[in-house]
Amino acid sequence: TPLYAEDPSCAQGAEGEEDEKGHTRKNSDDPQSMSPASQHASLRGSWWLTRCACVRYIAFIYVVAFSVAANQYVPLMGEKGLTPSKRYLEAIKDQIPGSSPWDKVQHAPSIFWFLPPTDENVLYTCYLGISVSLLLATGLLCWAPAMLLLWALYHSLNTMGQTWYSFGWESQLLETSFAAAFMCPFLSFSALSPKNPPPPAGRPRRP
């Protein structure tokens, strides 16, 4: 049995201390009861600021990436473009032994196995990516599923990109953003707040 579970004073300190009149007094370690100076001091030695900066910078790169895709997709990979993505997906489909959507996703991950790769659908995908990445870049949203959504949308474009998406930085963006998704909260839509910083990497939160 842990020591803090046997000691009543430890269990009481987790919720607060009682004064002489029996009133519960908040613990000084509670971020909600700390002054701004104390909050900044409590963040020393943590990776809170680094995580916020990484998430916002990656989201800003996604804004640029989806904007470039929305501007260049139709002339390069559109239905009447230089290398139509629809023909490319059909060529991949002929080489896949299975015919189920899961078999296709395993060989070439893309949401356009479920949606027709028309110019309108691809442009709507780009606009959705721009909207979500702007929310993340401005700090209005910091949610792990949102970052994973950007990863899935851009992965779908990268799969159809052919030679236009073979320069390497697209894959680096996908790898980095997938890792950055775990810097965001999964159960909260709000941005990372100094009042409730994530635990430092590699160090468990103090009980």
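User: How many residues has the largest nonpolar core, and which have the most contacts inside it?
Analyst: This is a predicted model, in which local features need pLDDT of at least 70, side-chain atom pairs count only at pLDDT 80 or more, and totals for chains, interfaces and linings use all residues. Residues are numbered from 1 along each chain as its sequence is written, and side-chain values use heavy atoms, leaving out hydrogens and water. The largest nonpolar core has 40 residues, and those with the most contacts inside it are Tyr62, Phe66, Leu136, Met147, Tyr154 and Leu157. A nonpolar core is a set of buried (under 20% relative accessible area, 1.4 Å probe, protein chains only) Ala, Val, Leu, Ile, Met, Phe, Trp, Tyr and Cys residues joined through side-chain atoms within 4.5 Å.

User: Which element gives the most to this core?
Analyst: H4 does, with eleven residues; helices here are DSSP runs of H or I, at least four residues, numbered from the N terminus.

User: What is Leu157 in contact with?
Analyst: Beyond its neighbours within four places in sequence, Leu157 is in contact (heavy atoms within 4.5 Å) with Phe66, Ala69, Phe112, Val122, Cys126 and Tyr165.

User: Now Ser156: buried or exposed?
Analyst: Ser156, found in helix H8, counts as buried because its relative accessibility is 2%.

User: Where does UniProt place the "transmembrane region" feature?
Analyst: The unreviewed UniProt entry gives residues 54-74 and 122-153. Such annotations may be inferred rather than shown by experiment. In the model, residues 54-74 are 100% helix, with end C-alpha atoms 31 Å apart.

Notes: Buried < 20%, exposed > 50% of the residue type's maximum accessible area, 1.4 Å probe, protein only. Helix = DSSP H or I, 4+ residues; strand = E, 2+ residues; numbered from the N terminus.
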